[in-house]
Amino acid sequence: MFKQKLALAQKFLGKADLRLKTIIQHYGLCTLKPHRNYFHTLVSSILSQQISVKAADSIERVLLEKVGGTFAPERLVKLTTPQFRSA
């Protein structure tokens with residue numbers, strides 16, 4: 001289903017814009033695959049907007065360890081303020 005929608009979108013864009021048509025022909029069909037872990041993406045985005053990427057990566061790694069490897073609202077809400085601060 002996703003691939004069909006993507007193919008239709010690329011066909012539409014190719015007709016609407018000559019430059020995009022050339023790019024699509026040169027590079028082929030898009031190979032991006034959507035994921036469903038939106039909450040993890042949200043947490044990572046918030047972290048990386050507040051501080052440097054390197055520091056955000058470190059904090060994310062520590063937080064993931066504290067919540068068992070997956071960012072999920074029910075896991076993060078169980079952390080205490082000192083646990084967050086220690087990350």
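Which helices each supply at least two residues of the nonpolar patch? In this predicted model, local features need pLDDT of at least 70 and side-chain atom pairs count only at pLDDT 80 or more, while totals for chains, interfaces and linings use all residues. Residues are numbered from 1 along each chain as its sequence is written, and side-chain values use heavy atoms, with hydrogens and water left out.

The answer is helix 1 (2–16) and helix 2 (18–27); helices here are DSSP runs of H or I with at least four residues, numbered from the N terminus. The patch itself lies on the surface and is formed by F12, L13, L20, I23 and Y27, with about 530 Å² of accessible area together. Such areas come from the Shrake-Rupley method with a 1.4 Å probe. Helix 2 gives the largest share, 3 residues.

Now to helix 1. Its buried residues are L6, Q10 and G14, where buried means under 20% relative accessible area and exposed means over 50%. Seen down the helix axis, these buried residues fall within an arc of 70°, so they line one face of helix 1; the arc is taken from the directions from the axis to the C-beta atoms. Helix 2 is included in what covers them, contact being heavy atoms within 4.5 Å. On the other side of helix 1, exposed residues include Q4, K5, L8 and F12.

How values were computed
Patch = residues over 30% accessible without salt bridge, like charges linked within 9 Å, V, L, I, M, F, W, Y side chains within 5 Å. Salt bridge = Lys/Arg side-chain N within 4 Å of Asp/Glu carboxyl O. Buried < 20%, exposed > 50% of the residue type's maximum accessible area, 1.4 Å probe, protein only.
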